Amino acid sequence: MSSITLPHVPHYVTAPPTKENLEYADLAIIDISKAGSEEGRAALAIELKEALLNFGFFYVVNHEYSQAQTARMFDIADVPFSAVTDDEKQIYASTRKQNGILQGYTSVQYADTDGRVCDQLVQYCIHRNVTERRHPEALLPLLPEIQEFSKHNYFNVLYPILRLIARSLELPEDTLLNKHTFDAVGETSVRFIKYYPRTEEEEAKTKNVWLKGHTDFGSITILWSQPVAALQIQTREGEWRWIRHMENALVINAGDAMNFLTGGYYKGTIHRVVQPPVDQRNYTRLGMFFFAIPNDDIKLVPMVESPVLQKVGIQRRCEDSEALTMGHWRRARTMAYGVSKLKSGEEKGVEEEIIHGVVIKHYN
């Protein structure tokens with residue numbers, strides 16, 4: 001696609017990187033370009049295994065998108081927010097509460113336990129096949145680029161990672177690919193999310209937490225790194241550490257579905273979004289995500305054929321006979337968000353909800 005033919009999009013001005021001295025997580029960096037050879041995959045599978053077991057988060061570099069392409073996509077990612085009126089956003093609102101479908105706009109939800117403060121964020125979710133539903137007028141000329149971006153995430157990032165995870169479990173490399181097929185029924189999607197600064201009063205009420213600590217409900221989440229420091233992960237020792245911005249890198253983490261499929265071996269890492277450092281507090285935070293979710297008909301039971309899982313032991317979150325399909329799980333999680341009544345858990349600062357017999361924790 002020649003740059004001459006691309007539709008004009010206003011440039012999204014990002015914040016400069018913070019100069020504050022933050023406690024960052026020391027994440028592994030996976031060079032995905034090495035996955036093209038047998039020797040490269042063998043080495044990367046070991047690196048990825050250690051990364052998932054240590055932090056559950058890691059960077060991916062050399063993913064075949066140039067810095068210019070990435071910058072262009074961030075410009076496009078801002079269009080659903082800056083070029084669409086509030087009235088038009090209502091037309092394209094998601095039906096999350098009705099049927100668990102996130103496609104479209106999801107606006108402010110309640111963030112604190114008493115429902116006093118609304119999340120200052122709006123997200124626009126686009127199915128991996130962008131023709132699944134209608135879109136606002138401003139996005140129509142940009143759909144070919146968004147579709148290309150979706151396929152790039154799917155085939156050039158997600159697929160190599162799934163091959164490496166299968167290999168790390170001593171399974172055939174296509175094991176997880178067969179559970180994540182592009183044309184199957186499912187809700188793998190591109191998501192653009194924009195956070196807006198809060199007032200000092202709102203920050204005080206929520207103790208500067210913009211999005212509570214949680215795990216993602218899918219298998220793999222791909223975040224395109226951006227400069228506003230706000231994402232934190234909880235280490236295995238229970239400490240919160242910041243995620244450092246790395247230019248044109250991807251930040252990858254595993255979610256609940258991967259936890260189910262690996263019998264607790266690769267756990268979803270708890271992460272949250274907090275108020276940015278002082279030198280970035282007047283900027284919006286624009287996020288560009290790819291949420292990978294197994295096919296709707298995949299039953300979320302451990303891959304017991306893995307020699308690795310057989311050796312370390314399998315931890316089930318429910319009995320196999322009671323396990324849900326991915327479709328049932330994502331709908332239940334999506335419809336419950338912001339609606340379920342959370343109860344205090346045994347751990348300090350942890351609230352819980354039970355969805356189909358599985359305990360879901362939220363960390364304040």
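**Entry 1: two helices crossing.** I began with helix H1 (residues 38-54) and helix H5, whose axes come within 8 Å and cross at roughly 80 degrees. H5 spans residues 143-168. Since 65 to 115 degrees counts as roughly perpendicular (under 35 is roughly parallel, over 145 roughly antiparallel, the rest oblique), H1 is roughly perpendicular to H5. I noted that axes are lines fitted to C-alpha atoms, for helices over the stretch in contact, with angles from 0 to 180 degrees between N-to-C directions. Helices (H or I, at least four residues) and strands (E, at least two) are DSSP runs, numbered from the N terminus.

Which residues of H5 make the contact with H1? I found Ile-161, Leu-164, Ile-165, Arg-167 and Ser-168. Those on the H1 side include Leu-44, Leu-48 and Leu-52. Contact here means heavy atoms within 4.5 Å. The residues of this contact divide into eight nonpolar, one polar and four charged. For that count, Ala, Val, Leu, Ile, Met, Phe, Trp, Tyr, Cys and Pro are nonpolar, Asp, Glu, Lys and Arg charged, and the others, Gly among them, polar.

**Entry 2: ground rules.** The model is predicted, with local features needing pLDDT of at least 70 and side-chain atom pairs counting only at pLDDT 80 or more, while totals for chains, interfaces and linings use all residues. Residues are numbered from 1 along each chain as its sequence is written, and side-chain values use heavy atoms, with hydrogens and water left out.

**Entry 3: the cores.** Next I looked up the largest nonpolar core, which has 74 residues. Such a core is a set of buried Ala, Val, Leu, Ile, Met, Phe, Trp, Tyr and Cys residues joined through side-chain atoms within 4.5 Å. Buried means under 20% relative accessible area, exposed over 50%, and partly exposed in between (1.4 Å probe, protein chains only). The largest share of this core, twelve residues, comes from H5. Ile-161, Ile-165 and Ile-220 have the most contacts inside the core. Beyond its neighbours within four places in sequence, Ile-161 touches Ile-32, Leu-48, Phe-58, Val-60, Ile-220 and Ile-252. A second, separate core has 20 residues, among them Ile-193 and Phe-291.

**Entry 4: the sheet.** I then traced an open sheet of eight strands with mixed pairing, in the order E1-E2-E10-E7-E12-E5-E4-E3. Two strands pair if DSSP finds at least two bridges between them. E1 (29-31) and E3 (104-106) are the edge strands, each pairing on one side only. From one strand to the next, the twist averages 25 degrees.

**Entry 5: strand E12.** Is E12 (residues 285-292) buried or exposed? Eight of its eight residues are buried, so the strand is largely enclosed by the rest of the structure. Both faces are covered, with Phe-289 among the buried residues on one side and Phe-290 among those on the other. E5 (residues 189-195) runs antiparallel to E12, joined by seven bridges, and Ser-189 stands opposite Phe-291. E7 (residues 220-224) also pairs with E12 in the antiparallel sense, over four bridges, and Leu-223 has Phe-289 as its bridge partner.

**Entry 6: helices on the sheet.** H2 (residues 67-82) lies across E3, E4, E5, E7 and E12, at about 100 degrees to E12.
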